[in-house]
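Please open the model in your viewer and keep the sequence panel at hand. The stops below are given in the order in which to select them.

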Amino acid sequence: MKVWIPILILFLAVTGVCIWDGINTQKIFNKLENDSERIYETLLVTDITDSDIQNEILELNDYWTEKMDILCISISRKDLQPVSDYLQYLCASIINESQEDAITYSRLLNYNIVGLNQTTGINILNLL
């Protein structure tokens, strides 16, 4: 009987961490997906020199930098690297004032975030 108590505590702790990680990952990717989609749609009609869109891009970069270490608990850094790369390209397009690059990289960024969200999200396909 004494053995079952530590096993039960360990099981509950691991289950709690898994549930927390799933919910937190979903929340982070939902925010990233919404923000990257908004940036892409804004860049289609607004110039990259607009300070509002530049601030949105830089804020998304800061958010990603902050949350990437947490995501590495359950997702490989190798899988997260394209998002970092495209965000850096997008930030560089601000410096270069390249509208075409900004549109291209914002679309690629959104595509990668949507793909990661689908592969890591909680849905019936991933449970199979």
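Select cysteine 72 to begin: its relative accessibility is 23%, which makes it partly exposed, the class between buried (under 20% relative accessible area) and exposed (over 50%), with a 1.4 Å probe and protein chains only. The model is a predicted one, in which local features need pLDDT of at least 70 and side-chain atom pairs count only at pLDDT 80 or more, while totals for chains, interfaces and linings use all residues. Numbering runs from 1 along each chain as its sequence is written, and side-chain values use heavy atoms, without hydrogens and water.

The structure contains 0 disulfides, a disulfide being a pair of cysteine sulfur atoms within 2.5 Å.

Proceed to helix H3, residues 77-96; helices are DSSP runs (H or I, at least four residues) numbered from the N terminus. Its 20 residues should span 28 Å at 1.5 Å a residue, and the end C-alpha atoms are 28 Å apart, in agreement; the expected span is 1.5 Å times one less than the number of residues.

Which residues of H3 are buried? They are Leu80, Val83, Ser84, Tyr86, Leu87, Leu90, Cys91, Ser93 and Ile94.

Finally, select isoleucine 7 in helix H1 (residues 4-45). Isoleucine 7 is partly exposed, at 44% relative accessible area.

Key. Helix = DSSP H or I, 4+ residues; strand = E, 2+ residues; numbered from the N terminus.
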